[in-house]
Amino acid sequence: MSTSFSKLPLSGVKVVDFGQYIAGPAVAMLLGDLGATVVHIDPPEGPMWDSPANASLMRNKLIVNLDLKTKDGLDKALSLCAEADIIIENFRPGKLAKLGVDFAVLREKHPALITVSLPGFASNDAERCELRAFESVIAASSGVFTDMGLNRVLMGLSPSFSPLPLASAYASQIAASATVLALQSRQLTGLGDQIEVPLAAAVMEGLCYNSIKVADMPVRYLTQREVEIERRRIEGLPMNVPYDELQELLDPFFRSYMCKDGRMFYVVCPSHKYHARRCLEVLGIYEEMVAEGLSEEDDTYKPHAEWASDTSLGVYPMPKVWADKIAARMKDVFMTRTSHEWKRMFGRAGIPGAPQRWLQEWINDEYAEMSGLMIDVWDPEYGEMTQPGPVVWMEESGEEALKPAARRSVEFEEALKTLRKFRTELPDPTDAIEQEGWLSGVRVLDMCNVIAGPHSVSYLARFGAEVIKLDPAKPLYDSWNTVVYGLSQGRGKRSILADATSEHGRKVFEDLIKTVDVIVWNAPDSQIKRMGLDAENLRKLNPNAIFCKLDCFSGVRRGVRTDFIGYDDLVQATTGIMLRFGGAMDRPEEHAHVGTIDVMCGFGGALAVASALYQKHRFGRIGRGRTSLSANSGLLQIPFCYDYKGRSLFDEPSGPDVNGYNALSRFYSTASGIYILLSAYEADLPRFKNVPDLEELPEIDEENRASFLATAFQMYPATEWIERLRAADIACAICDNIDALRAENTHEADGTTGVDNGSYSFSVYRDHPSGHEITQLDPYAVRSKRGRVFALSPTEKFGSSTRLILSELGYSDTAIEAILKTDQLSESWSEEYLPS
C-alpha cells in the first residue's frame, strides 16, 4: 500500500470503493496505481463478478467483506466512508442510498468529500435508469454493435458483437480524470463534489467521432467503402462483400499485408506529408511509382478541382486507380521479408506500421515486459500473474507505480486503521479561493495532433481551462486528419499557427510557454528535447509549467519501441484487438470505432494532467504526466488481459460470425426483423419462469437453449420481447443504431452541455463556423454538483486566433503584420474551412 513517504502523486488520498464488475473498481484501480490508499468493500459472499481480472482491478486495495443489509455492516461501511476523501460506486441510481450509504447526506456532513457514481444509464433518464445495465446492454442500447464500421456494413454483419468492455473502459477513464480534477480543485477551494458518469454517456463520448454528422460533406473525404455502401443502397444491392474483396476497397496506406513469415503487417500512414513517401522508399518502390505518374501536391488544402493531378501522396483517401496500383506492388514487396524485419525497418524510419499479434503474444512480449506495459504481480489466488501495467503515471514516480501491492483481504479494524494513518490536508476556508469550474484559471497549450492528444485537451476545456492550440504554419497532415477530426477535438480552443522551429515562430512559442500552466504534446522524447520541453530546459522557460506527454508505445521505462510513432490502429494490431475482431491471422480487422483507444487515451491524458496539478497544489512538486495508447489497451482488454500458470485458453469471443458469449448472452432475431440483445446468466434462469413463452427455458439442456430461444424469439416483435423480459428483471436491449439515437436526441445548440437530457444528447449547429450544418455529441458524460461543466464553443478555423493571441502576448499590430509576412506564422491553412 502507498505510504506517506511515497512520491506517487495521489499519496495520502483515501478511497472507499463499493464498485463491482469493471467500471467502479477500474476507477479505484487507476487511483490506486497513482498512489491512493484504497479500501474495497465486497458483500459477504465475495465479488459479484468472479473473474481472474479482479486480481488486476483489486491490486493496491485492502478488501473488506461487509453486509450492508445488516446494521453492523452498514455502521462499519459508514465508519470507513467517514475517513474517505473519495467514495466510488457503480450501481443503479439510488441503490446504494437505499442501503444506507447516501452520498448527498455524506457530503452534507463532510463538504470536502468527493463522491463518484457510475450508473449504467443516467439517473435523470426516466426510461432507462432502472434497467439492469450490464456491459452488453449498454453497448446495444448505444449503437455500439450496429456501428462496428464500414467493413461490417459491407459484409452485411449488423449487429456485430465485440467483447471489449467499451462502456466501462471509457467510463472509468472519464470518471477517474473527473475525480482527480475535482480533487486538485479541492486543494484550492476546500470543497469536494458529487460526480456522476453514466456508462451510456461515456461510451457515446467514445463514439463522438462516429456519431458526428456533417451536412454536404465534400466528396473528396468519402472513402471507397463509403462510396460502395451508397452505391449498393441506391441500386438496391445486398451488403454481401466477402472479406478478400473488401480488402481491395481499402487505402494502400491503411491496410494489412501478408509477410514472408505468414504474419500480417499493418500499415497506417495515409495522411501525413512524409509518412507515405517514407513507406514507399523503405519498400523500394517510391521512384517506380513516381515514374508511373504519382505526384505530391504542394498545397493539398486547395479545392480538389485546383490540384495538378487526381491524387497526392500523403492524402486520404486515394482514388481507386492509384490505390489498386500501389497496393499491388506493396503486396509483392511485403512478401520478401518477415514481419519482424518490417517492424524494425518501419520503426527506425519513423513510419507507422506494426505486425499483427494475438493478445497472448502481447502479454508475454519482451518489450511490453521491459517497458512496464505488462508487469508481474504476485496474487494470493493465482500466484505470479502478468497484468497490465499502470495506465497513467508520472515520469518522476513511474518506477514506484510498477510495483503495486497485491489485493489483500483484511478485517474491518485493519482497514479503518489504515485509512486513519493518513491526514487529509485542505486549505483553511478563510484562505480558500472561489473557482467556477475545476480548471478555471488554468491555461493550457495544446501542441498535439490526430485524436488522443487534442481530444484530451478539449476535454479539459469543458471544466474551465483556457486552451490555445498551436499547430505548424504549414500543415503536416491532410485536411481529412486535421479539419474533419478537428470538428470534434477542436471544440473550446483558440488556434494559432506558427512554425516553432523558425526564428519568429520560436520566439512566439517561447512567449506562449511562459504564459501557460500546462503543456500537452504527443511527440517522441527526442523531439521534445529538441524543442526544449524536456524537464531541464522547460524549467528555464517556465519553472512552474506542467508537461504531459501522450504517445503510442511507451511505458514507464524506455525500450526499443518507445519512440516508434503510431496510432490507435497500430496498437490494435500490436495488442491483439484486430486479430480478435477479425478472428484469424489472415483476416485481421480493425475494431472499427474511430478512436477505440484514442479517445480513452485522451481521457487518460486528462488524468495525467489532473494528477500533476494535484501534486503541485498538495506537495509543491512540478511533475510530468504520461500515458500511451498501448498502456490504455490493457484497460480496454481488462477482462482477459492477464496470464498465470494454469490459465485457461484465450478464448474470448472473436471473429465476424460471433454473436455473443453463449445462449443466454447473445443477439437474437425477432419476428419484426429487429435484433435484441439478451444478457442473462445461469443465476437468472429462474426469472425466465415469469416470462410468457419462455417458462420452459430453465429445464432445457444447455446445448439446446440457443435453438429454443431462437425459435421462441421469432414468435413476437422485438418490442414485445423487451417488455416481457424487463418485467421479469432480465437484462436485454434492442440493438439500436447511432443514426436513430442522434435523430431522437438532438436539440438546437443552445449553449448547454446536455447533462439535463439523460443518457443521450446531441446538438445541431446550423450556423457552424465551417459553413456546414453539423450535429455532434454534447460534452455531457461528467455531471457534477459543484464544479461547473461548460458547453464548448464550436471548433474555429485553424489559425483564426493567431492575430489575437499575438496581441495578447504583447506584439504590436506593426510587429504582427511583419511576422505574418515571413510565413513563419499564419492565419489560415486554406481559403475554405473544410477544403472542397
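Let's start with a proline. Pro 317 sits in the loop between helix H14 (286-291) and helix H15 (320-334). A cis peptide bond joins Tyr 316 to this proline, with omega at about -5°. Keep in mind that this is a predicted model.

There is another cis bond to show you. Ser 158 and Pro 159 are joined by a cis peptide bond, and omega there is about 5°. Where is Pro 159? The loop between helix H7 (150-154) and helix H8 (166-189) holds Pro 159.

Why point these out? Because most peptide bonds are trans, and most residues other than glycine have a negative phi.

Tyr 21 is not a glycine, yet its phi is positive, about 65°. Look for Tyr 21 in the loop between strand S1 (14-17) and helix H1 (23-33). Is Tyr 21 buried, exposed or partly exposed? Its relative accessible area is 32%, so Tyr 21 is partly exposed.

Now go to Asp 823. Phi of Asp 823 is near 65°, again positive in a residue other than glycine. Asp 823 lies in the loop between helix H34 (813-821) and strand S30 (825-826). Its relative accessibility is 54%, and the cut-off for exposed is over 50%, so Asp 823 counts as exposed.

Next, a strand. What about its two faces? Arg 624, Arg 626 and Ser 628 are buried on one side, and Gly 625 and Thr 627 are buried on the other.

Which strands pair with S20? Strand S13 (residues 392-394) runs antiparallel to S20, joined by 3 bridges. Strand S19 (residues 546-551) pairs with S20 in the parallel sense, over 5 bridges. Watch Thr 627 here. Val 392 stands opposite Thr 627, and Leu 550 has Thr 627 as its bridge partner.

Last, two helices. Helix H21 (residues 452-461) packs on helix H28 (residues 598-619). Their axes are 7 Å apart, at an angle of about 55°. That angle makes H21 oblique to H28. The crossing is right-handed.

Who makes the contact? From H21 come Ala 452, His 455, Ser 456, Tyr 459 and Leu 460. From H28, the residues include Asp 598, Val 599, Phe 603 and Val 609. How do the contact residues of H21 and H28 divide? There are 8 nonpolar, 4 polar and 1 charged.

That's my tour.

Notes:
Residues are numbered from 1 along each chain as its sequence is written. This is a predicted model: local features need pLDDT of at least 70, side-chain atom pairs count only at pLDDT 80 or more; totals for chains, interfaces and linings use all residues. Side-chain values use heavy atoms; hydrogens and water are left out. Buried means under 20% relative accessible area, exposed over 50%, partly exposed in between (1.4 Å probe, protein chains only). Helices (H or I, at least four residues) and strands (E, at least two) are DSSP runs, numbered from the N terminus. Two strands pair if DSSP finds at least two bridges between them. Axes are lines fitted to C-alpha atoms, for helices over the stretch in contact, and angles run from 0 to 180 degrees between N-to-C directions. Angles under 35 degrees count as roughly parallel, over 145 as roughly antiparallel, 65 to 115 as roughly perpendicular and the rest as oblique. A crossing is left-handed if the near helix is turned anticlockwise from the far one by less than a right angle, and right-handed if clockwise. Contact means heavy atoms within 4.5 Å. Ala, Val, Leu, Ile, Met, Phe, Trp, Tyr, Cys and Pro count as nonpolar, Asp, Glu, Lys and Arg as charged, and the others, Gly among them, as polar.
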